[in-house]
Structure formats: structure tokens, C-alpha cells
Amino acid sequence: MATEKYYQHDVDCRELNGRIEAIQNDGKSTRIIMDRTVFFPTGGGQPCDTGTLVTPDGTSVSVIDVQEDKDTGIIFHTIENAASAIGVLQVGMTVTQKLNEDRRRINTQRHTGEHILTGAFIQLFGGANKGFHMGGEYVTIDMDYDGKKLTEEQVRAAEKMANEVIWANLPVTVSTFPNREEASVMPTRKPVTQDGEITIVTIGDLESPHDCVACCGTHFHRTGEVGLIRVHKFEPNKGMNRIYFECGDRALESMQADDALLRTVQERYSAGSHDLLQKMDIRDEKEAELRQDCTGLRQYYRDREMARIAALLHRDMPDFYQDSFTLVSPDDLLKLGFAIMEDEAAPALMALVHRPSHTVLLFSDGSQNCGALVKEHAKSLGGRGGGRPDQARALMPNEEAVEKFIESL
């Protein structure tokens, strides 16, 4: 028998008695079926309610997931700590269902807000909502305008209208019809296609609504309860426009977090909101100049080292050459090494060591396989790395390991 969805009759109800009709356990989870429920199951883009079941003796069992079998109308309540709860809950027992009120309020803010924001886009620019999702960080809707992209001005205009609808505190009406034929009298923004009992949610006047659509979620009685809608960003997505936004508590929290971040940035730049960007531009220009200077100095250093090492190689003509560096990065040594190996006096094998990071760069004229040498000698010393026959890199754990690795070569 289908579970009575009490949340459809009384969306304000947060506590309800229900009789346990069945307990199912598959070895992985335990699901409770009751004759009626205050818990909203996952559906229509809205996450499920969570909460507790309280037995007559006062024992509480957590409800962590709620799902509905659409074919039978049965709602399954998955409980936490299934092994211990099996002996607590019994078929025929009447338990008190208690919602996580904060989760229900936030989900209802988000779902009602989605209707309001979607209605604003359609009122202003037409189009169609082809997707709705409540994520952990954002709520999203996908607005379809036949491939056209929304502008910043359009998105902000819809955001403004949505908040004006909230401030107007318009009624939110939930109407139930036995089938889609009878539901067709409603001015829905898209045709009703599902079979069976239909719930229509209307924002504003039933004769000329701000929004009207079939929906199974939970909704407030008036738009003012949503509190606030804030659009975070928007972007193209599969030929549509994905709008990221938040409502109510979450919108306020995000605004407070962004304000705190802005104040931190302003303090760092010793700026106010009127000159922050200007001071950031000045900082960026100075950093670009420093990077350019640094690039020139690094090239100068490599050229000097190249000349020094080339002179040594031409004088001694060694088969193996090693050298150590501290003032430049491993990437600089990589460029230096390749340049040295192009010299006619290049050794058969060369090791350039970056002391701060215990990194050894190997280079070969082809007579030695650098990658194989790293694999053969580095791992036994606690190092790692690899590379090609002509060049490889070994990352050693300490100075002692670097010295032993060089000795092994």
C-alpha cells in the first residue's frame, strides 16, 4: 500500500506519528516502511529530508536517506546503525518522526526560490527551464534560449525581479489534481506529461501567475519566506545557460563569506572598494616587471654557468661530470643541461644537482641510458624519479642519499 505523503497535506509539520508497516534489511542497509510520513523523499531535483524516528521508550534512530518507489508509491526510510536498530524498531510499532528542521527549511527555500527565479527569466526573456539541481554549494537551473547566451544585464535583471517577487510576499498555492486532464486547466509554463495525481505549484495570482508548474517538492506558503535570492555566476552549458544561485540562509551565508574575503583583500592592499582594483593593477604591473627582471637574471646566470662549465669540459674532457647549484630552480638546470650537452666537449654522462630540493638531473650523449640509471640506483636509496635515455630526474630524500647516488654513477 502506498505511503501517505503527509508533507503534501501540511508542509509546516515537523513531527508526526507513523506506524511501521515493514522492515527490510539486505545486509547492507535497513529500510523502514511506514503508513505515513513527514519525510520528503529525494525527487524533482530536491534532496530528501533527514531526521530521527523515536520509539515509545524514547530511543532515537537516525534517518539518513528517504526514497520513493514511483510505481508503488511506497516510501523507504533508510536508517543509521542498522544492526543495533533492528532490535529497537518492530513492525506494528508507532514511532514519532522528527525532521531535521534546518535541512527542510533550506531545501524549501531553495526549491521555492527556483520557481521564483525561473519565473523571472521566463517573464522577462521567455525561454524554458530544462534542468534543476540542488548541489552542495549551489542551486542550478539550465535556461534554454535556442542556443543564445544570456548577458550579465539580463541575468541581473532576472535576479532583481526574483527578489522583488520575494519582497512582495506573494502567495504560493499548491493545487492537487487526480490526473493531468484536470490539471490542464492550470496556466503551467510547460505541459504536464506525468500520469496519476498531479501537484501544481503557483507563485502569485492564479489568474496571472509569476510561475506555475507541476512540482513534487516542498514549498512555502508565501514568497517572503524565501528571504533572498543571489545569483553567483552563469555560464554556457550544452547549448543552454546554467545559472548558479542560492536562496535564503545559504544566500546570506555566501554574502557574509564574500564580504569577509573582500575586507581581507582590501586590508592586504590598503584599499577601499573605490580604489581596490586600481591598486591591484599597480601590484600586477610591478610583479610583471619583477618577473621580467628575474627572467633576465636567470638567463644571465645560465649563460655564465654555461661558459664556466664549457671551459672546464674543453680543458679536461671528462667522461662524467657533476656540479651542484643552489641559486636556480631544477627547471633552470634542465635548460642549462641541454645547452651543455650540445657542446662538442659534452661528457658521456653529466649530473647537475639542485641542493635545496635534493634533485639530481642526469644528461647523456647517448652512450648511457639516464632513465635506466635512475631506476637502477635511486629507489634503493629511498629516491624516486625516471625519464628518457638522454635525460632523467632523480628526487632523493636527503643530502646523504644524493651523495650515494652520485657515487653509484
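1. Is Tyr138 buried, partly exposed or exposed? Its relative accessibility is 26%, so Tyr138 counts as partly exposed. Bear in mind that this is a predicted model.

2. Tyr138 belongs to an aromatic set. Searching the whole structure turns up three aromatic pairs. In one of them, the ring centres of Tyr138 and Tyr244 are 5.5 Å apart. Their planes stand at 80 degrees, so this pair is edge-to-face; the cut-off for that class is over 60 degrees.

3. Where do the two tyrosines sit? Tyr138 is in the loop between strand E9 (128-134) and strand E10 (139-144). Tyr244 is in strand E15 (residues 240-247). The pair therefore ties together parts that are 106 residues apart in sequence.

4. Tyr244 has a relative accessible area of 12%, so this residue is buried. The ring of Tyr244 also has a charged neighbour: Lys233 lies over its face, at 4.6 Å from the ring centre.

5. Phe338 and Phe363 form another pair. Their ring centres are 5.5 Å apart and their planes are at 80 degrees, so the geometry is edge-to-face. Phe338 is in helix H8 (residues 330-341), and Phe363 is in strand E18 (residues 359-364). This contact thus ties together parts that are 25 residues apart in sequence.

6. Accessibility for the phenylalanine pair: Phe338 is partly exposed, at 33% relative accessible area. Phe363 is buried, at 0%.

7. One further charge-over-ring contact deserves a line. The charged end of Arg31 sits over the ring of Phe76, 3.9 Å from the ring centre.

Technical notes. Residues are numbered from 1 along each chain as its sequence is written. This is a predicted model: local features need pLDDT of at least 70, side-chain atom pairs count only at pLDDT 80 or more; totals for chains, interfaces and linings use all residues. Side-chain values use heavy atoms; hydrogens and water are left out. Rings of Phe, Tyr and Trp (its six-membered ring) pair if their centres lie within 6.5 Å; planes under 30 degrees apart count as stacked, over 60 as edge-to-face and the rest as tilted. Helices (H or I, at least four residues) and strands (E, at least two) are DSSP runs, numbered from the N terminus. Buried means under 20% relative accessible area, exposed over 50%, partly exposed in between (1.4 Å probe, protein chains only). A charge sits over a ring if NZ of Lys or CZ of Arg is within 6 Å of the ring centre and within 35 degrees of the ring normal.
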